[in-house]
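My plan is to look things up one at a time and jot down what I find.

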Amino acid sequence: MTIARPSAAPHTSHRQRNKASARAAAPRSSSSGVFTSIRRLPTATLLGGVVALLCIIGLVMVGTASSVISINLFGSPWSIFIREVMWMAAGLLALTAAIRVDYRMIRRLSPILMVVTIVLLLVVLVPGVGVHVQGSSRWVGFGQFRVQPSEMMKLALVLFSADFIAHRLDEGSSERRIMGPLLLVTGLAGILILMQPDMGTAMVLGCIVITMLFVAGVRLGPVLKVLGIVASLALIFAVASPYRRERLVSFLDPSVHSSGSGYQVVQSLIGLGTGHLFGAGLGGGQQQWGFLPNAQTDFIFSVIGEELGFIGAALVLALLGAFVWLGIRTAMRAPDRFGGLLAVGLVAWVGSEALINIGAVVGVLPVTGIPLPFISFGGSSLVITMLAAGILINIARQERSERMPRPVGARVRGR
């Protein structure tokens, strides 16, 4: 008779339990603990931190990028930087007010804001009233106090679209009743802005509306058709103007037009390339000496790459990506449909601006004059962007504890 050998299973399971308990008792790595702590922070807190970091980077880079041109224009290396500080202080007040005021209270103001902004867009085009700078009439005001109505239109369109779409979805309206009026309003605003001319802002308005319609549940087919029509009209408009046609051609091959319309892009790429991994250090770049026009505004990302290197440029990209991701999370957890759509519109606004600006800086998109959100030097643009960030933080402060399956829009009827 064969005698079976005793099983080693109890001994093995005992050792496994000891190993498991040892792993459980072992301290976690510091990096995983930090990431876990960050993930547990409220979305509003994370958004506020991201915006604060972007604004601090913007202040520093505007200061270093504008010192030489500030001396040439105003006799002091600090003049442009001081103006940026003043505008950022105004933006901070706007952000704080938006955080404290419930976003639902501004919903009723959306039609009024839209009408006022359209009127201002008309006023800009009146000779002698609109401020004409470098071939464009985009501002109203006097002296150093100027307001750019096209920047106001971004906020007005987001508020109006969120209110309009939410109202029509609550009524169970068809796609036509949602898309038709909204595209008419957007088209009117886009035409007035293209007449300034300002193709970049018109592109941002299109991105905002297309994104909000898609998230609201409108079928992808009609959205893509509208997007194709808008892109075709924009291309025709660009080719019709000699100045914009020259910029479009130089975008296709900047090196061929390196002494003309492609000069900015070529110098921008040189600045990005010379930054290497860690950059030349703050104030150590060459672009601030006048080699790169608009270094403190449209092309400040090139200065970041040159002076802070790949590490600094990647940090800015990560912060902008974090803003978009946190904004999407805010939209998914918004307490109501209007809040969700509003958050989506704000994220589409900032995200499309960042994409268009950085795309132009690295030479993969045409130069349109769109600033880099929170970082580029700007007056009313910076203030209104910070106001939008405050509204987004306000929505995030009221987020639900758990995500709902369809928090923003709902599938709408085709007809």
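**Entry 1: a tryptophan**

Does Trp349 count as buried or exposed? I looked it up: Trp349 has 0% relative accessibility, so it counts as buried. A reminder to myself that this is a predicted model.

I placed Trp349 on the chain next, and it lies in helix 14, which covers residues 337–361. Then I listed what Trp349 touches, skipping residues up to four places away in sequence. I got Lys154, Leu155, Val158, Val204, Ile208, Ile384, Thr385 and Ala388. I also checked Trp349 against Thr211: they are 138 residues apart along the chain, with 9.5 Å between their C-alpha atoms.

**Entry 2: the whole chain**

I zoomed out here. I have 15 helices and three strands written down for the chain. The chain has 415 residues, and 45% of them are buried. For the accessible surface I noted about 20700 Å², with 68% of that belonging to carbon and sulfur atoms.

I also looked at contacts between residues at least 6 apart in sequence, and 75% of these join residues at least 24 apart.

**Entry 3: two helices side by side**

How do helix 7 and helix 8 pack, and at what angle? Helix 7 is residues 149–171 and helix 8 is residues 175–194. Their axes are 10 Å apart, and the angle is about 170°. Angles over 145 degrees count as roughly antiparallel, so that is what helix 7 is to helix 8.

By class, I wrote down 12 nonpolar, three polar and three charged residues for this contact. From helix 7, the residues that meet helix 8 include Met153, Leu157, Phe160, Phe164 and Arg168. On the helix 8 side, I noted Ile178, Pro181, Leu182 and Val185 among them.

**Entry 4: a buried serine**

I went to Ser268 next, which sits in helix 12, residues 263–274. Is Ser268 buried or exposed? Its relative accessibility is 0%, so I put Ser268 down as buried. Leaving out residues up to four places away in sequence, Ser268 touches Leu292, Phe299, Ser302 and Val361.

**Entry 5: ring pairs**

How many aromatic pairs does a search of the whole structure find? It finds four. I picked one of them, Trp78 with Phe81. Their ring centres are 5.9 Å apart and the planes are at 70°. Planes over 60 degrees apart count as edge-to-face, so this pair goes down as edge-to-face.

Trp78 is exposed, because its relative accessibility is 53% and the cut-off for exposed is over 50%. Phe81 comes out as partly exposed, with a relative accessible area of 22%.

**Entry 6: positive phi angles**

The phi of His276 is near 55°, which is positive even though the residue is not a glycine. Asn294 isn't a glycine either, and its phi is also positive, at about 60°. As for cover, His276 counts as exposed at 61% relative accessibility. Asn294 is partly exposed, with a relative accessible area of 33%.

Note on methods:
Residues numbered from 1 in each chain as written. Predicted model: local features only at pLDDT ≥ 70, side-chain atom pairs only at ≥ 80, totals over all residues. Heavy atoms only, no water. Helix = DSSP H or I, 4+ residues; strand = E, 2+ residues; numbered from the N terminus. Buried < 20%, exposed > 50% of the residue type's maximum accessible area, 1.4 Å probe, protein only. Contact = heavy atoms within 4.5 Å. Areas by Shrake-Rupley, 256 points an atom, 1.4 Å probe, with all protein chains shown as cover. Axes fitted to C-alpha atoms, helices over the stretch in contact; angles between N-to-C directions. Parallel < 35°, antiparallel > 145°, perpendicular 65-115°, else oblique. Nonpolar A, V, L, I, M, F, W, Y, C, P; charged D, E, K, R; others polar. Phe/Tyr/Trp six-rings, centres within 6.5 Å; stacked < 30°, edge-to-face > 60°.
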